[in-house]
There are 2 protein chains.
Amino acid sequence: MTYCLGIINRFGIVMASDSRTNAGTDYISAYKKIFDLSLPGERVLVICVSGNLSITQGVMTRLKRDIRDRTEINLHTFSNMFDVAAYTGEKIREVQSKDRDWLEKDNIDYSCSFLLGGQIKGEEPQLYLIYSQGNFIQATMETPFLQLGETKYGKPILDRTVTYETSLSDLAKCALLSIDSTMKSNISVGPPINLILYRNDSLELDHTLQLRLGDPYLAKIRKLWEQSLRQAFEAMPDIEWQAEENGLEDEILID
Amino acid sequence: MTYCLGIINRFGIVMASDSRTNAGTDYISAYKKIFDLSLPGERVLVICVSGNLSITQGVMTRLKRDIRDRTEINLHTFSNMFDVAAYTGEKIREVQSKDRDWLEKDNIDYSCSFLLGGQIKGEEPQLYLIYSQGNFIQATMETPFLQLGETKYGKPILDRTVTYETSLSDLAKCALLSIDSTMKSNISVGPPINLILYRNDSLELDHTLQLRLGDPYLAKIRKLWEQSLRQAFEAMPDIEWQAEENGLEDEILID
């Protein structure tokens with residue numbers, strides 16, 4: 001399983017991913033799932049991937065090869081993020097057209113999804129989620145984050161802390177805690193964690209970070225977060241048990 | 001969707017459930033999903049249900065009717081909880097045998113699952129999860145909780161606060177916060193919340209509670225919990241961004 005997330009707000013973009021890949025619980029390995037395809041000073045493009053590894057690698061290789069070969073159309077030739085998202089969707093369709101039938105015959109999951117975040121000079125920063133079918137949606141002010149993969153364990157903290165006005169350093173902390181919560185509840189999501197931070201209009205990544213298993217900062221925030229949660233929990237007022245008439249009613253059948 | 005959970009430890013049992021039922025987002029209603037089939041002083045039996053409503057109602061009606069009619073074998077005749085779980089599984093199989101083919105033909109989800117918690121005089125308290133197929137598992141000291149339905153949003157708080165030594169009043173708070181987290185992230189889980197608390201060897205329910213939408217205690221703990229989470233979050237140390245060599249490596253392809 002994978003967990004990737006992207007958050008965009010008035011200050012910039014944070015994207016993060018785990019690195020665990022598995023083909024069943026008896027074959028677990030680590031692959032990077034976040035890719036920087038930026039042209040610093042001119043455009044920032046970061047992509048996170050989840051799903052079938054051969055499909056996502058196939059798409060990423062095509063996208064990178066086009067840039068390297070300076071083909072007439074590539075991720076560095078588009079003048080806006082919408083077209084970058086659409087082109088990424090086309091590459092997904094290209095790989096799916098080639099491989100899907102073969103995988104489907106053997107009941108192998110061929111789905112994949114991509115997060116694309118960044119900014120092109122003269123344009124607003126944007127964050128997209130591109131589906132396995134090549135169509136895509138964009139993050140908005142109302143819902144400033146998008147997630148891929150094992151999304152549920154890490155969503156409560158996003159719902160409660162992320163807004164359009166949250167500072168970038170808080171967004172980064174929040175992304176890390178969201179991934180950490182997911183790793184705690186699903187062992188098929190695992191380190192290293194990769195994290196990028198982009199400040200609007202800087203047109204280059206502000207920070208990139210990789211936290212490996214046992215990283216002291218990761219251990220520290222996990223411990224502190226657990227302590228804080230426990231303290232918060234202990235500070236909750238006890239339940240005010242009410243009169244029995246509010247209870248389960250007349251369910252007791254035998255007098 | 002449904003969210004039910006049961007927790008058992010050295011002090012007793014807490015069980016809780018939401019009440020929302022839906023047949024698509026345009027048909028939402030409330031049904032109680034927790035049932036008290038106890039014989040106070042002699043046995044405590046509480047059942048939570050999730051899944052296809054016609055199936056779970058069919059099973060509960062059969063179980064209750066047998067008790068009411070004092071049939072030769074019913075939930076009040078067994079001398080241990082294991083047999084109660086097995087009998088509940090048999091009733092599930094009985095209803096599934098009758099209905100499953102008809103539902104399957106129209107691609108209607110016929111699955112269901114049940115939590116069974118309680119104690120029979122002279123026996124240890126026990127908590128079971130009974131599957132759609134009629135087989136079942138038991139909660140243990142290592143994993144003292146079992147969940148049904150929309151389990152993921154509410155699991156992080158259980159993972160971090162519930163142990164075999166947690167006080168009963170803390171277990172009840174924790175169950176409530178777990179359901180509240182789930183309601184916050186999935187609108188198909190909703191109030192009223194029903195909650196029961198059983199103290200070992202008392203052989204009657206200590207507390208039953210129903211919290212309706214807008215209940216002041218529910219509003220208070222939700223607000224306090226959000227405040228505490230935000231404070232805990234703000235107290236987390238900022239990320240220590242390291243030298244760039246720990247970053248995404250040489251992913252920039254164009255110099």
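Residues are numbered from 1 along each chain as its sequence is written, and chains are lettered from A and ligands numbered from 1 in the order in which they are written. Since the model is predicted, local features need pLDDT of at least 70 and side-chain atom pairs count only at pLDDT 80 or more, while totals for chains, interfaces and linings use all residues.

Let's start with chain A as a whole. Its secondary structure comes to five helices and 12 strands; helices (H or I, at least four residues) and strands (E, at least two) are DSSP runs, numbered from the N terminus. Along the principal axes, the C-alpha atoms of chain A fill a box of roughly 80 × 45 × 35 Å. Of the 255 residues of chain A, 45% count as buried. Here a residue is buried if 20 or more other C-beta atoms lie within 10 Å of its own, exposed if 12 or fewer, and partly exposed in between, with C-beta atoms placed from the backbone. Among contacts in chain A between residues at least 6 apart in sequence, 65% join residues at least 24 apart; two residues are in contact if their C-beta atoms, placed from the backbone, lie within 7 Å.

Now turn to the sheet. Five strands of chain A form an open sheet in the order 5-6-7-8-9, with antiparallel pairing; two strands pair if DSSP finds at least two bridges between them. Strand 5 (34–36) and strand 9 (136–138) of chain A stand at the edges with a single partner strand each, so one side of each has no neighbour in the sheet. On average, and ignoring direction, neighbouring strands of this sheet are turned by 20° against each other. Axes are lines fitted to C-alpha atoms, for helices over the stretch in contact, and angles run from 0 to 180 degrees between N-to-C directions.

We can follow the pairing strand by strand. Strand 6 (residues 43–51) and strand 7 (residues 112–120) of chain A run antiparallel and are joined by nine bridges, with A:Ile47 partnered by A:Leu116. Strand 7 of chain A then pairs with strand 8 of chain A over five bridges, and here A:Leu115 stands opposite A:Leu129. The hairpin of these two strands of chain A has five residues between the strands, and in it A:Gly122 takes a positive phi near 90°. Strand 8 and strand 9 of chain A pair over three bridges, and A:Leu129 stands opposite A:Ile137 in strand 9. Their hairpin also has five residues between the strands, with A:Gly134 at a positive phi near 95°. Four of the five residues of strand 8 of chain A are buried, so strand 8 is largely enclosed by the rest of the structure.

Helix 2 (residues 81–105) of chain A lies across strand 6, strand 7, strand 8 (126–130) and strand 9 of chain A, running at about 155° to strand 7. Helix 1 of chain A has 16 residues and reaches 22 Å from its first C-alpha to its last, close to the 22 Å expected at 1.5 Å a residue; the expected span is 1.5 Å times one less than the number of residues. Which residues of helix 1 of chain A are buried? They are A:Ile55, A:Thr56, A:Val59, A:Met60 and A:Leu63. These cover an arc of only 125° around the axis, which puts them on the same side of helix 1 of chain A; the arc is that of the directions from the helix axis to the C-beta atoms. They pack against strand 5, strand 6, helix 2 and strand 7 of chain A. The face turned away from this buried side carries the exposed residues A:Thr61, A:Arg65 and A:Arg68.

Next comes the partner chain. The contact takes 56 residues from chain A and 56 residues from chain B. Helix 5 of chain A supplies the largest share of the side of chain A that touches chain B, 12 residues.

Finally, look at the backbone. A cis peptide bond joins A:Pro191 and A:Pro192, with omega about -5°, and A:Pro192 lies in the loop between helix 4 and strand 11 (193–199) of chain A. In chain B, the peptide bond from B:Pro191 to B:Pro192 is cis, with omega near -5°.
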